[in-house]
Amino acid sequence: VPGRPDPSVPPSGVSCSGCGAELQCRDDAAPGFVPAEKYRSLSEGPSGATGLRAAVCQRCWLLAHHGRALRLQLPPEQHRRVLSAALRRPPRHGRGPLLLYILDVMELPDPVLADLPGLLAPDVPVAGLLVVGNKVDLLPADSPGHLGRLRQRVADACARAGLRGAPLVDVRLVSAKTGFGLEGLVSRLQRSWRCAGDVYLLGATNSGKSTLFNTLLRSDYCKSRAHDVVGRATVSSWPGTTLNLLRFPVINPTCDRIFRRQERLKEEATKTEDELSSEEKKYLDHLKKQGYLVGEVGRTFQRPKPSTVVEFDPDELSYSIDEDPSHSPKEREEREEFTYNEVKDARWCFDTPGIVKENCVLNLLTEKEVKLVLPTQAIIPRTFILKPGMVLFLAALGRVDYLEGEKPAWFSVMASNLLPVCISTLSKVDAVYEKHASQKLLKVPMGGEERMKEFPPLVPQDITLKGVGTTEAIADIKLSSAGWVAVTAHAEEKLLLRAYTPKGTALVVREPPLLPYISTIRGARIAGTAAYRTRKPPSMVENLKTTGRR
């Protein structure tokens with residue numbers, strides 16, 4: 001990576017607008033590093049240190065423009081310390097903060113939800129807790145009312161985590177990426193919380209906090225000028241992208257503003273897809289490819305755009321045929337700042353560092369491997385029918401052996417579409433793993449024999465299940481964060497399975513399953529194989545009038 005440090009230059013006191021780390025050029029292995037040459041060009045101009053306010057650190061720049069992640073030398077508890085210190089601040093405006101806990105619905109039961117009370121100070125009251133189940137757009141509807149069932153699963157997870165320190169205000173399901181449920185979330189916040197105090201976005205790494213922060217930044221939840229003043233948070237599949245607090249000021253939802261917002265929502269709800277502009281249709285089609293559930297996030301309160309004034313200088317345009325036109329050096333655009341009066345009594349929405357998940361397979365993977373494992377588009381279920389003695393591999397990150405049972409059973413894989421699934425037999429399974437792990441067939445991990453020497457071995461866990469019917473799954477076998485396998489068997493059929501995940505990672509048997517009827521989303525069986533043809537259900541668009549055409 002180009003760029004040299006200069007240990008003689010003190011830290012700037014200015015935060016990176018992408019991750020929140022303090023910008024500095026002293027140590028290229030520490031958060032907030034900017035190459036010394038770039039740092040000087042930004043900070044030694046007429047604006048001084050304020051010239052850095054529009055800058056991002058080298059790590060955020062590489063993530064945003066090249067998809068590359070730099071490993072930083074951070075203490076293991078760094079993210080928790082930053083988060084805990086923020087939550088233990090004395091209440092502002094005479095009221096404790098509202099916590100928006102963001103969880104990835106695919107990760108249920110959430111691995112860090114139970115840790116939340118330990119981050120709070122007993123003498124600092126929390127006004128409320130609103131739990132947001134994110135990434136619902138990645139999951140297909142396995143039956144009517146599946147969103148209500150997912151919402152109940154999230155509420156049950158909160159109850160099991162024993163969240164007594166903060167009253168549970170509500171549970172919402174959203175997609176921060178496609179905008180589904182976001183207008184409803186903003187309305188809920190403005191009706192119940194209004195502008196009573198600060199709001200903190202909390203959650204585990206890769207739960208989608210920064211994506212939600214950016215979406216709220218272009219919604220009716222922030223001040224109208226915030227979109228132009230506050231930089232967008234850096235979003236990456238690499239865990240732990242946000243290193244410190246990021247924030248934007250929350251708009252005060254007066255009666256007039258709420259009325260105008262509701263009028264906009266009513267007007268938009270009368271539109272059909274055919275009435276959208278070509279640009280809006282193109283963006284909507286893009287979102288449909290990303291997820292099963294799509295929503296539109298609009299803005300009611302926007303500043304009028306200033307008219308562009310073109311300066312005309314006849315002398316600048318007058319030159320002889322032998323001369324080259326002269327170009328005045330382009331001045332760097334000054335970044336807008338809030339005035340004192342705009343923010344002196346402001347309530348803020350904070351994005352916080354993600355809580356690192358322990359026993360997670362993502363902690364073992366390289367940057368390229370993480371991109372393959374984390375799903376970024378709607379997951380297409382892959383279903384296989386296995387007999388006793390058969391084995392299912394999910395890449396080289398997990399496997400499920402069907403050891404005992406009288407009849408065939410159905411195994412539906414819910415994982416990134418980029419992860420391969422391989423079917424084998426117990427007699428050949430060791431040879432298959434030894435030959436194809438880290439090769440093309442099993443794909444992840446990547447890097448051949450040398451990579452597998454350092455990768456932990458797969459360790460087993462025996463699982464006993466009892467079938468409830470050929471259309472309803474008994475349980476999900478969750479192979480850490482690599483995905484899960486939903487098992488469906490004949491009624492009263494007893495199954496003995498053995499599941500494997502890398503040593504040091506968590507294997508969870510999720511009962512009841514997240515999508516109990518997932519095995520029904522399949523095509524015809526492929527002759528001569530254990531696989532069924534895949535089928536992708538249609539997408540659903542929120543906030544638009546249905547025309548009968550999907």
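Ala475 sits opposite Val487 of strand E15 in this predicted model. Strand E14 covers residues 473-479 and strand E15 covers residues 484-488. The two run antiparallel, joined by 5 bridges. Both belong to an open sheet of 5 strands, ordered E8-E11-E15-E14-E17, with antiparallel pairing. Strand E8 (382-386) and strand E17 (507-510) form the edges, each pairing on one side only. From one strand to the next, the twist averages 20°.

Now the charged side chains. The model holds 24 salt bridges. In one of them, Arg264 meets Asp220 at 3.0 Å, N to O. Arg264 lies in helix H9 (residues 255-269), while Asp220 lies in the loop between helix H7 (209-217) and helix H8 (226-229), so this pair ties together parts 44 residues apart in sequence. Both Arg264 and Asp220 are buried. They also belong to a network of salt bridges that links Glu183, Asp220, Arg261, Arg264 and Glu268.

Helix H9 also has a local pair. Asp256 and Arg260 meet in a salt bridge at 3.4 Å, N to O. They are 4 residues apart in helix H9, which means about one helical turn separates them. Asp256 has a relative accessible area of 45%, so it counts as partly exposed. Arg260 is partly exposed too, at 38% relative accessibility.

A further salt bridge joins Glu273 to Lys288, with the closest N and O atoms 2.9 Å apart. Glu273 lies in the loop between H9 and helix H10 (278-290), and Lys288 lies in helix H10, so the pair ties together parts 15 residues apart in sequence. Glu273 and Lys288 are both buried.

How values were computed. Residues are numbered from 1 along each chain as its sequence is written. This is a predicted model: local features need pLDDT of at least 70, side-chain atom pairs count only at pLDDT 80 or more; totals for chains, interfaces and linings use all residues. Side-chain values use heavy atoms; hydrogens and water are left out. Two strands pair if DSSP finds at least two bridges between them. Axes are lines fitted to C-alpha atoms, for helices over the stretch in contact, and angles run from 0 to 180 degrees between N-to-C directions. A salt bridge is a side-chain nitrogen of Lys or Arg within 4 Å of a carboxyl oxygen of Asp or Glu. Buried means under 20% relative accessible area, exposed over 50%, partly exposed in between (1.4 Å probe, protein chains only).
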